[in-house]
Amino acid sequence: MSKKDKVLDGKCLYTPGGAAREYAAIGCNFYRGCPYQCKYCYNRKGLTAKVMGVDHAVLEDEFTKVKNRPKKYRHLSGEEYANTVFTRELDKNVEYLRNTGIFYSFSTDPMCPDACELTLSTALYAISKGVPVRILTKNASWTKEVFDRIASFTAEQKRLIAFGFTLTGCDDWEPYASPNVERIELMRTLHDFGFKTFASIEPVIDWEKSCQMIVRTIGFCDLYLIGTISHFGDFYKSGSGTTFIANKCLRNIYSLQQLFNLKIYFKESIRKYIPETMTFLYGDGTETTVSPVPMDYDIFHEAMTDPLEDIIHSLKYLNRHNAFLQGYEYKTEFQKESDIFLLWIFFMKYGNTSQLAEYVESIDDSQKERVYNEFKTLLSNAKTFLDFLNMLGRDKKVMYETDKGKANILPWLIIYAEELIEISNDVINEYQKIN
Ligand code: SF4
């Protein structure tokens, strides 16, 4: 058996099967049961629901009290013993685990109050050995102690931990978990602290809400995993789950992926709704093809992107994509809405130029030449963008349904493009003066 195919079957660390394998090569389960009682939870369905679906986190030692317990339930008598077993299993497989990482957890929420301590103590041990960990939660109500402890991780520790949040946008399906909006805020904070972050857009309950979850996390989410609901029969046959709405939303997701270079993995369950790749045809006749990331995409070794490069990439895309600005006749109103939607999201992500100004401030002498060339590219793209907007005429309206009601976003975009031009000119002039 090759290293790649190695199967772990420990008391804590194991190789998951089925759909869970799409999430992780190695899982870590200490507890069963969960206080959040999500209506769709797979632990609360099927033959083992009485054992696995209890409404609080139970360390596996109590499994011994369950009659006829399935063989796979392991005896972990107490947190101290669980720590010891974890350490032993990790040390024995450390080389392998450095490649695969560890995922917490398939049998509970690993950041719920009862499970959190063991999750963090073992995660810290794993990263001290160079093993990356991913922790998926729906809990954003961390105690001050937990929050302060995590915030004080060193840069080296942060490099090897990713925090993920399940984002369905449907709080009523997750009655005892933190609201989705709080999970998003915590994700933003952790990303600002320097942690990797990911979103589990699973299960999709309402396609439009799932799409909104992606939109609201652009800029601070390093990976999206999207999957459908299971154990609910033909769930997507009616209402907000129909194939028609799925296609509409998935097209938007592909566009967002292209525009913002998002990393998205579509689980097997989603792939029946979408093609493997999607080709976009622009008004000028050019095409581009977008593909999801593979199952084994490594969030920890992702290349750092430069914020300036990001803006340039997105502007170039918009400049090619703004077919409607060139009088393109849309076949459907939806396509037109999608393009306006992209403009709006672009503005929401980059519209605050103070971040760009801060970036300029942080440039040291050794980077100046590279940055000078990048700003020349930014300047030419910002000018093209402004030309597009001016071509519409300043009286034209580009209406978008914002959180505060319908608004004409054209004046904001024009001001933004002008500011980009001004900042670029300042940087270029400054550089030319000293050279
Ligand atoms: S948070 Fe996860 S483990 Fe807990 S009830 Fe919800 S789906 Fe189940």
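**From a loop residue outward**

Modeller: S105 lies in the loop between β5 (102-104) and α4, where helices (H or I, at least four residues) and strands (E, at least two) are DSSP runs numbered from the N terminus. The model is predicted, and local features are given only at pLDDT of at least 70, side-chain atom pairs only at pLDDT 80 or more, while totals for chains, interfaces and linings use all residues. Residues are numbered from 1 along each chain as its sequence is written.

The peptide bond joining Y104 to S105 is cis, with omega at about 0°. Most peptide bonds are trans.

I102 belongs to the largest nonpolar core, which has 93 residues; together with V133, I201 and Y224, I102 touches the most other members. Such a core is a set of buried Ala, Val, Leu, Ile, Met, Phe, Trp, Tyr and Cys residues joined through C-beta atoms within 7 Å. Buried means 20 or more other C-beta atoms within 10 Å of the residue's own, exposed 12 or fewer, and partly exposed in between, with C-beta atoms placed from the backbone. Helix α9 (residues 243-260) gives this core its largest share, 8 residues. Beyond four places in sequence, I102 is in contact with L13, I26, C28, L97, A126, V131 and V133; contact means C-beta atoms, placed from the backbone, within 7 Å.

Helix α4 (116-128) is also among the elements covering the buried residues of α2, as are β1 (13-14), β4 (58-59) and α3 (94-100). Those buried residues are A82, V85, F86, E89 and L90. Viewed down the axis of α2, they fall within an arc of 130° and so line one face of the helix; the arc is taken from the directions from the helix axis to the C-beta atoms. The face turned away carries the exposed residues E80, T84 and D91. Helix α2 (residues 79-92) has 14 residues and reaches 20 Å from its first C-alpha to its last, close to the 20 Å expected at 1.5 Å a residue, the expected span being 1.5 Å times one less than the number of residues.

Q37 is found in the loop between β3 (31-32) and α1 (49-52), and has a positive phi of about 50° although it is not a glycine. Most residues other than glycine have a negative phi. With 17 other C-beta atoms within 10 Å, Q37 is partly exposed.

How values were computed:
Contact = placed C-beta atoms within 7 Å.
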